[in-house]
Amino acid sequence: MKLKSRLSSIMGVGRTSSGLIRPRRAMSIVEAVFSTVLVAVIVVAALGTVGASVSAQSRLTDHGQGQMLALDLMAEIREQAFSEPDEASVFGPEATEQTGSRAAFDDVDDYHNWQDDPPTYKNGTPIPGFDEWQRSVNVQWVSPNNLTQVSLTNTGVVRITITVTHHGKTAAVLTAVRADRFPDPIIESQ
């Protein structure tokens, strides 16, 4: 008897209290629609999570590469003299230094308003793999007492800001303050 009961159960039939065999109840259309909607919601949520994860990973990668490009250029600027060693100083590159590359730059303010698209080495050769990237530099004299206050005259302190973008979006901003008397800059990254 147990075997019969088990077979009936497997085959989708059951017994009534009077012993008659009756078929099991099938899934209704409402239950089928509800199940389908539930699975669809779960799939959409999973795809949204994967998409957000990929997007966050891409932003993180861009930030890391942007930081590397900014630090590389900041190291180059840091190697330069604070002020023009050879000629009468003007803010920005002197006429003899405007060659299309940074090869002739010999002081910090030569980098003011410098942009490279795509990023290049100092000699003007593009850095491989960064065709969609841009770098820009802003150098400003600032008050020694308030590093956020811009000055129009030489205060002996400059703030250097390097901004790196990828596909028009800011990937990294690196700011350093350099003083004439203290050659090592104070660096702040965003």
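The largest share of the lining of the largest pocket, four residues, comes from helix H2, where a helix is a DSSP run of H or I with at least four residues, a strand is a run of E with at least two, and both are numbered from the N terminus. A pocket is defined on a 1 Å grid over the protein atoms alone as an open set of points where a 1.4 Å probe fits, with protein on both sides within 12 Å along at least five of seven lines, in contrast to a cavity, from which the probe cannot get out; lining residues have an atom within 4 Å of a point. The model is predicted, so local features need pLDDT of at least 70 and side-chain atom pairs count only at pLDDT 80 or more, while totals for chains, interfaces and linings use all residues. Residues are numbered from 1 along each chain as its sequence is written, and side-chain values use heavy atoms, with hydrogens and water left out.

The largest pocket is lined by Ser58, Arg59, Asp62, His63, His166, His167, Lys169, Thr170 and Ala171, and the elements that contribute two or more residues to this lining are H2 (29-78) and E6. Its volume, taken as the space filled by probe spheres set on grid points that are joined across faces, edges and corners, is about 180 Å³. By class, the lining has one nonpolar, five polar and three charged residues, with Ala, Val, Leu, Ile, Met, Phe, Trp, Tyr, Cys and Pro counted as nonpolar, Asp, Glu, Lys and Arg as charged, and the others, Gly among them, as polar.

Helix H2 itself has 50 residues and reaches 73 Å from its first C-alpha to its last, close to the 74 Å expected, the expected span being 1.5 Å times one less than the number of residues.

Four salt bridges are found in the structure, each being a side-chain nitrogen of Lys or Arg within 4 Å of a carboxyl oxygen of Asp or Glu. Asp72 pairs in this way with Arg135, the closest N and O atoms being 3.9 Å apart, and the pair links distant parts of the chain, with Asp72 in H2 and Arg135 in strand E4 (residues 133-141), 63 residues apart. Asp72 is partly exposed at 41% relative accessibility, whereas Arg135 is buried at 1%. Arg135 also forms a salt bridge with Asp116, at 3.0 Å between the closest N and O atoms; Asp116 lies in strand E3, 19 residues from Arg135, and is buried, with a relative accessible area of 4%. A further salt bridge joins Glu76 to Arg102, at 2.7 Å between the closest N and O atoms, and both of these residues are buried.

Arg178, in strand E6 (residues 169-179), is buried with a relative accessible area of 6%, and a polar atom of its side chain lies 3.3 Å from the backbone oxygen of Arg78. Over the whole protein chain, the secondary structure comes to two helices and seven strands, and buried residues make up 31% of the 190 residues.

Notes. Buried < 20%, exposed > 50% of the residue type's maximum accessible area, 1.4 Å probe, protein only. Polar contact = N/O pair within 3.5 Å; in protein donor to acceptor, adjacent residues only side chain to side chain.
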